[in-house]
Amino acid sequence: MESGAIEYLRQNGVPQLMESLLADIVNAKPQRPYDYINLLTLLPPPTQTWPEPGTFPSLTTEEKQSCHNLLFNVFPIYADAAQHPKLLLYLEYMMQTLGAKNTFSIQTSTLRNFILRCYDSYDDRVPFHNFRHVFNVAQTYFVFATEQSGASNVLKPIEIFAGFVAALTHDLGHPGTNNPFHVATQSAIAMRYNNISVLENYHAAYAMHILKKENLMENHAVISPEDVACFNEIVISSILATDVSKHKSLFATLPLQDPDWTKAEHRRLGIMMLVECADISNEIRSHSFSEMWAPLVEEEFFRQGDRERQLGMKPKPAFTRGEPDIASEQIGFITYLCVPAYKACTALFPKMQASVDALERNKEAWEKMKKK
Ligand SMILES: [Zn+2]
């Protein structure tokens with residue numbers, strides 16, 4: 001994969017100036033070629049092909065129906081790599097349901113290439129921030145936007161579609177390390193984005209490169225340039241809003257009473273909140289789901305802690321193997337991140353209260369599991 005991508009760059013006329021960058025890549029042994037923000041404009045074509053009927057069964061009516069529900073379970077499908085094409089079919093189904101072809105006249109091949117590029121851009125060696133998480137966020141957003149929140153009654157179809165694209169792209173190229181790690185190690189992307197929402201800026205830029213590469217929304221006969229600009233703005237601002245350290249300032253901008261849905265700004269904030277809540281939705285289903293996600297987050301933290309120790313840094317307790325109590329960590333996550341976010345979202349979309357209730361139930365379940 002790595003050498004293939006470098007070969008691609010050489011064959012496609014990389015100028016002399018890029019040679020030193022390529023040398024850096026070879027020396028640094030990147031996990032994936034797209035770890036390098038400077039190379040995004042040269043993204044190689046998707047390595048996967050679309051699962052065609054005959055080679056892979058189409059979704060049944062029951063399967064299609066299943067992704068309209070928060071009970072959808074991505075774990076068994078993701079665990080079997082041979083079943084991954086099914087996840088692509090689910091994404092296509094959800095995007096078609098949101099109007100890809102009927103409303104925005106996006107060609108099937110364009111939509112599929114876009115989905116394949118997204119799939120290709122997540123690293124399955126990263127324990128948590130891989131395609132399973134992102135699929136889960138996109139599917140959860142789909143349920144929020146179309147079923148649970150009532151958003152489809154007040155937001156425009158292109159706004160809801162933009163939120164789905166943001167959910168699917170919000171962690172593109174995630175390296176499995178967090179913002180403080182990148183800032184502390186002065187990584188290439190931290191330097192690129194001046195230490196500000198480093199990963200989120202990276203994911204958003206990555207999303208825009210893929211969108212441009214595939215011209216997903218460039219059908220100007222159907223979508224006006226103004227709508228494309230609005231679409232892009234929603235995608236970028238929704239991805240940037242997934243930086244949890246910016247929660248306070250984001251919530252301060254919300255119209256906490258009586259949102260005026262005729263205002264584009266309020267509609268944009270509504271989408272941002274739905275995407276953000278979908279991103280931190282591990283605790284809104286039954287407790288058995290929470291118990292599957294939590295160790296994956298923990299393992300990703302521990303691996304970062306291992307790297308920090310190798311670099312002579314002192315990892316925080318949550319990043320140190322053997323130290324944290326997983327139940328206490330989850331209680332903190334629910335209390336300080338999830339509940340404030342979902343309550344803020346409920347102020348905009350009252351039906352989201354069902355998820356606030358689910359958070360409280362899971363918090364109680366973790367309380368019982370806490371180390372005494
Ligand atoms: Zn995420």
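**Close-up views of a predicted model**

**View 1. Serine 187 and its surroundings.** With 16 C-beta neighbours inside 10 Å, serine 187 counts as partly exposed, a class that lies between the 20 or more neighbours of a buried residue and the 12 or fewer of an exposed one. The model shown here and in the other views is predicted. Serine 187 sits in the loop that links helix 9 (179-184) to helix 10 (188-192). Valine 198 is 11 residues away from serine 187 along the chain, and the C-alpha atoms of the two are separated by 9.6 Å.

**View 2. The protein chain as a whole.** The protein chain contains 17 helices and 0 strands, and of its 372 residues 38% are buried. When contacts between residues at least 6 apart in sequence are considered, 74% of them join residues at least 24 apart.

**View 3. The largest nonpolar core and cysteine 345.** In soluble globular proteins, nonpolar side chains tend to be buried together. The largest nonpolar core of this model has 80 residues, and the members that touch the most others are Ala138, Tyr141, Phe164, Leu274 and Cys345. Once neighbours within four places in sequence are left aside, the contacts of cysteine 345 are Met273, Leu274, Cys277 and Met352.

**View 4. The crossing of helix 7 and helix 14.** Helix 7 (residues 131-148) and helix 14 (residues 264-279) have axes that come within 8 Å and cross at roughly 135°, and the two helices are therefore oblique to each other. Their crossing is right-handed. On the helix 7 side the contact is made by Val137, Thr140, Tyr141, Phe144 and Ala145, which meet Leu274, Val275, Cys277, Ala278 and Asp279 of helix 14. Sorted by class, the residues of this contact are 8 nonpolar, 1 polar and 1 charged.

**View 5. The crossing of helix 8 and helix 12.** For helix 8 (residues 157-169) and helix 12 (residues 225-240), the axes come within 8 Å and cross at roughly 40°; helix 8 and helix 12 are therefore oblique to each other. The crossing of this pair is right-handed. Helix 8 contributes Ile158, Glu159, Ala162, Gly163, Val165, Ala166 and Thr169, and these meet Asp227, Phe231, Ile234, Val235, Ser238 and Ile239 in helix 12. By class, the contact between helix 8 and helix 12 comprises 8 nonpolar, 3 polar and 2 charged residues.

Note on methods:
Residues numbered from 1 in each chain as written. Predicted model: local features only at pLDDT ≥ 70, side-chain atom pairs only at ≥ 80, totals over all residues. Core = buried A, V, L, I, M, F, W, Y, C linked by C-beta atoms within 7 Å. Contact = placed C-beta atoms within 7 Å. Axes fitted to C-alpha atoms, helices over the stretch in contact; angles between N-to-C directions. Helix = DSSP H or I, 4+ residues; strand = E, 2+ residues; numbered from the N terminus. Parallel < 35°, antiparallel > 145°, perpendicular 65-115°, else oblique. Left-handed = near helix turned anticlockwise from the far one by under 90°. Nonpolar A, V, L, I, M, F, W, Y, C, P; charged D, E, K, R; others polar.
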